[in-house]
Amino acid sequence: MKLKLAIQKSGRLHEDSMKLLQECGIDISNGVNKLKTEAVNFPLEVFFLRDDDIPQYVEDAVADIGIVGENVVYEKNKSVEVVDMLGFARCRLSLAVARGDHYEDVQFLEGKRIATSYPSLVRQFLEKNHINAEIHEISGSVEIAPGIGLSDAICDLVSSGSTLLTNGLKEVETILQSQAILIRHRKFNSEQQRLLDKLLFRIRAVKKAGNNKYVLLNAPNAKLKEIIGLLPGMKSPTVLPLAEEGWSSVHSVLSEDEFWDKIEQLKAAGAQGILVVPIEKMVI
Ligand code: PRT
Ligand code: ZN
């Protein structure tokens, strides 16, 4: 038996989805230009689809699992289960109005026309805020709608914000934060679950490694206690004597979010020759 995975055929999710598989040691280099291919070294079949179709394929169990943006999953509202957050393709679904508009709060939207490719999420947002507005569903180039008189506001995905800027718009409300997620259908049997667990074990090791750095530094023995106290490590830091009398080499793992603060503190505590190395996989 093989697990069937749906990923985007081309677009913003494609490369990172492929990279994740590669980092998990799964080789699908034999057929990326086809609609379907098989991994050579893992019981996995991969379907290449439009991202919008992935939730339906997974709900219907045509694909067992899929990689897709939260925005698409929640807009389509299919009956699927979220297995894991994958951390890439981060963006937000936001409402934007003309830069010159005087926007104070959501009341601004009362009676207005909003252009979007996300009618369902926009409707939910408006209902929650008790706003009556007209939703115009369009499938692309949403950001030009106000400029050509089609709408008064838009709701679209934003990452850097430059598309809004170049179209004379400003972001006023965020209705959803999104990233790529792994979804599965609800009819898993035990063999499918076993294969998913095997894949998840690898995905989590890759994610964990990406969030951590391996740090090596030299410390005078007199300062060792203080420096070790700053380092969490997986269990506790490794300490090895240096050839030079009175010095030790300390090895540890630091997480990305505390990284710069810790490096400063380590330097201040007397650490020298600090080396920082990326970690490829991390299993704890
Ligand atoms: O062909 P297919 O249907 O598969 O692809 P698609 O064209 O529908 O989707 P694609 O490849 O553009 O995006 C796939 C997924 O990437 C989305 O569903 C999101 O989950 C995620 N993602 C992350 C984004 C963005 N960031 C993003 N910035 N999707 C789209 N954008 C667009 C946005 O619509 C706007 O036009 O980029 C523009 C804004 O970007 P900034 O940087 O100017 O703010
Ligand atoms: Zn799409």
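1. Basis. In this predicted model, local features need pLDDT of at least 70 and side-chain atom pairs count only at pLDDT 80 or more, while totals for chains, interfaces and linings use all residues. Residues are numbered from 1 along each chain as its sequence is written, ligands are numbered from 1 in the order in which they are written, and side-chain values use heavy atoms, with hydrogens and water left out.

2. Asp-51 is buried at 17% relative accessibility, whereas Asp-52 is partly exposed at 29% (buried is under 20%, exposed over 50%, partly exposed in between, with a 1.4 Å probe and protein chains only).

3. Largest pocket. The largest pocket holds about 1,000 Å³ of space. Among the 35 residues lining this pocket, those closest to its centre include Asp-51 and Arg-12. A pocket is an open set of points on a 1 Å grid over the protein atoms alone, with protein on both sides within 12 Å along at least five of seven lines; a cavity is a set where a 1.4 Å probe fits but cannot get out, and lining residues have an atom within 4 Å of a point. Volumes are the space filled by probe spheres set on the points, which are joined across faces, edges and corners. Domain 1 (3–88 + 179–209) and domain 2 (91–178) both contribute to the lining, so the largest pocket lies between them; the bounds come from an automatic or database domain assignment.

4. Cavity. The whole structure has one cavity of 30 Å³ or more. The largest cavity has a volume of about 40 Å³, and Leu-5, Ile-65 and Leu-199 are among its lining residues.
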